[in-house]
Amino acid sequence: MASSSAPLVLRLLAASASVSERAGSIIRQVAMKKNYEVLLKGGRADDPQTEADRAAQRCIISSLRHQFPSVTIIGEEEIDNEVEQSSLHSGLNDDVLKHSLPESLQVDGSDVVVWVDPLDGTSEFTAGHWENVTVLIGIAVRGRAACGVIHQPFYGMSPDKPNPDNAPGRTCWGIKGVGAYGFNFTAPEDAARRIVVSTRTHPTPNVQQTVAAIQPTTDVRVGGAGCKVLMLLEGRADVYAFASPGTSKWDTCAGEALLEAVGGKLTDVCGNHYQYNADVAKRNTGGILACRKDHSLLLGLVPDEVKASMAT
């Protein structure tokens, strides 16, 4: 499909997939410096920000606003998002444009909100766990997650020679009602397997209680919401459980869209879908329960006292 005739949301997704790769290149360039500055947002050690976060967000938001002025775009970092005209990225992902968009997503810009996490997993980035870092761009239509991009800047980097400059990166994207692309799914050989992935850095009592109640065969702790969703998409994990108000809309919009594109589900721990309108509260106060299948069964395993404490 010619880009000029493609529906707005399809062009927006194609632009988001392309600019996520440019943001990934920016992140790798900062990683190569090694002596970059780390700021603590609000003085909190568990909420760092680096020049990679800021530069990647400026690139993404300025580039998308330049191409789609009618669309509301919200980024994690509270910074000036303007860049020089010469730094704007205007590419489109041709693979995205080959697909058709469901009629329900063929809307104008006033019905669309883009949620951007320019560097999901900043704590992982500063700790050198680069494989868990992602760029997240979620596209919501009429308040619901509809399309998403998850880019891994350091995908393919050799673990023996971790040189960020040699990482090819990987871009995964999806459209609800169409499908998700850029990764391979491997079904578990053991149907009884239940690998639960949760937070590496925020193991609160609610989180611990919920993970235990889901009865994992294996309990995996990693950082980054995007990384955890990718583990579900690829079949490396079965449940993403996080009974804590520690994420925001830019952490979940893209992942929810990709999971729903493959028949999965992402909700709060009470089973409610998040709304992604421009005027909603940015924090996800109800936590996260996500999976490819058996969401209702898993929801029933979440302790009632945890649900009551997380109810919004």
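This is a predicted model: local features need pLDDT of at least 70, side-chain atom pairs count only at pLDDT 80 or more; totals for chains, interfaces and linings use all residues.
View 1. Six strands make up an open sheet of mixed pairing, in the order S3-S4-S5-S6-S7-S8. Strands here are DSSP runs of E with at least two residues, helices are runs of H or I with at least four, and both are numbered from the N terminus; two strands pair if DSSP finds at least two bridges between them. Strand S3 (72–75) and strand S8 (179–181) are the edge strands, and each has a single partner strand, so one side of each is left without a neighbour in the sheet. From one strand to the next, the twist averages 15 degrees. Angles such as this run from 0 to 180 degrees between N-to-C directions, with axes taken as lines fitted to C-alpha atoms, for helices over the stretch in contact.

**View 2. Strand S4 and its two partners.** S3 and S4 run parallel and are joined by four bridges; here Ile73 has Val114 in S4 as its bridge partner. On to S5: seven bridges join S4 to this strand, and the two run antiparallel. S4 is mostly covered, with nine of its nine residues buried; buried means under 20% relative accessible area, exposed over 50%, and partly exposed in between (1.4 Å probe, protein chains only).

**View 3. Strands S6 and S7, with helix H2 on the sheet.** Strand S6 (residues 144–152) and strand S7 (residues 170–175) run antiparallel and are joined by six bridges. One place to look is Cys147, which stands opposite Ile175 in S7. Helix H2 (residues 51–67) packs on the sheet, where it touches S3, strand S4 (112–120) and strand S5 (134–141). The direction of H2 makes about 155 degrees with that of S4. Contact means heavy atoms within 4.5 Å.

**View 4. Glu256 and a salt-bridge network.** Glu256 is buried, with a relative accessible area of 0%. Leaving aside neighbours within four places in sequence, Glu256 is in contact with Arg144, Ala145, Leu266, His273, Tyr274 and Tyr276. A network of salt bridges links Arg144, Lys176, Glu256 and Glu260, a salt bridge being a side-chain nitrogen of Lys or Arg within 4 Å of a carboxyl oxygen of Asp or Glu. Between Glu260 and Arg144, the closest N and O atoms are 3.3 Å apart. This pair links distant parts of the chain, with Glu260 in helix H7 and Arg144 in strand S6, 116 residues apart. Glu260 is buried at 13% relative accessible area, whereas Arg144 is partly exposed at 25%.

**View 5. Two further salt bridges.** The count of salt bridges comes to eleven. Among them, Asp219 and Arg221 meet through their side chains at 2.8 Å, N to O. Asp219 is partly exposed at 39% relative accessibility, and Arg221 is partly exposed at 26%. Asp95 forms another salt bridge, with Lys98, at 3.4 Å between the closest N and O atoms. Asp95 counts as partly exposed at 43%, while Lys98 counts as exposed at 62%.

View 6. Trp173 and Tyr181 form a tilted pair, 4.7 Å centre to centre with 35 degrees between the planes. Trp173 is buried at 5% relative accessible area, and Tyr181 is partly exposed at 27%. Ring pairs also link Phe125, Trp130 and Phe154 into a cluster. The charged end of Arg170 sits over the ring of Tyr155, 4.1 Å from its centre, and Arg292 lies over the face of Phe185, at 3.9 Å from the ring centre. Such a charge has NZ of Lys or CZ of Arg within 6 Å of the ring centre and within 35 degrees of the ring normal.

How values were computed:
Residues are numbered from 1 along each chain as its sequence is written. Side-chain values use heavy atoms; hydrogens and water are left out. Rings of Phe, Tyr and Trp (its six-membered ring) pair if their centres lie within 6.5 Å; planes under 30 degrees apart count as stacked, over 60 as edge-to-face and the rest as tilted.
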